[in-house]
Amino acid sequence: MTASLILYGIPNCDTVKKARVWLTEHNVAYRFHDFKKEGVPPDHLQRWMQAVGWDKVLNRQGTTWRKLDAAEQAAVHDAASAAALLLANPSAIKRPVVEWSEAADDVTVGFNADGWQARLAR
């Protein structure tokens, strides 16, 4: 793997921590993009949603989602409404998001050690 791999997330997220440790242990070069400090690039968010689906990018299990009121949650019903919510609340993005290469569809959401190992074996 080259350093073109970009891992997006929040540094204090346990899943992001596990993913970063895993990448380091497997000698995979990557760049970390901190949502809190650098924000969410809108064009990349669109890329992620096209690659894996807006419903997979949106973390309905997380604290940020649960803190939204019922009307805000109900307003998310398609890619456009999800994008608006996720840009305003980056913590509602399922983490980590990984852009494995510059290919538009080469994106994963969440950490899966077996899946990542299979990627490296390609």
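In the predicted model, contact between helices α1 and α8 (heavy atoms within 4.5 Å) is made by A19, W22 and L23 in α1 and by A113, W116, Q117 and L120 in α8. By class, this contact has six nonpolar, one polar and no charged residues; Ala, Val, Leu, Ile, Met, Phe, Trp, Tyr, Cys and Pro count as nonpolar, Asp, Glu, Lys and Arg as charged, and the others, Gly among them, as polar. The axes of α1 and helix α8 (residues 113-121) come within 12 Å and cross at roughly 30°, where axes are lines fitted to C-alpha atoms over the stretch in contact and angles run from 0 to 180 degrees between N-to-C directions. The two helices, α1 and α8, are therefore roughly parallel to each other, a term applied to angles under 35 degrees. Their crossing, that of α1 and α8, is right-handed (the near helix is turned clockwise from the far one by less than a right angle). Helices are DSSP runs of H or I with at least four residues, strands are runs of E with at least two, and both are numbered from the N terminus.

On the α3 side P42, L45, Q46 and M49 take part, and they meet A79, A82, A83, L86 and L87 in α7. The residues of this contact of α3 with α7 comprise eight nonpolar, one polar and no charged.

The largest pocket has a volume of about 160 Å³, taken as the space filled by probe spheres set on grid points joined across faces, edges and corners. A pocket is an open set of points on a 1 Å grid over the protein atoms alone, where a 1.4 Å probe fits, with protein on both sides within 12 Å along at least five of seven lines; lining residues have an atom within 4 Å of a point. Of the 13 lining residues, I10, T63, T64, S91 and R95 lie nearest the centre of the largest pocket. Helix α5 (residues 63-67) gives the most to this lining, with three residues. The lining divides into four nonpolar, six polar and three charged residues.

R95 is also joined to P96 by a cis peptide bond, with omega about -10°. P96 lies in the loop between α7 and β3 (97-99).

Residues are numbered from 1 along each chain as its sequence is written. Local features need pLDDT of at least 70, side-chain atom pairs count only at pLDDT 80 or more, and totals for chains, interfaces and linings use all residues, while side-chain values use heavy atoms, with hydrogens and water left out.

Key: Angles under 35 degrees count as roughly parallel, over 145 as roughly antiparallel, 65 to 115 as roughly perpendicular and the rest as oblique.
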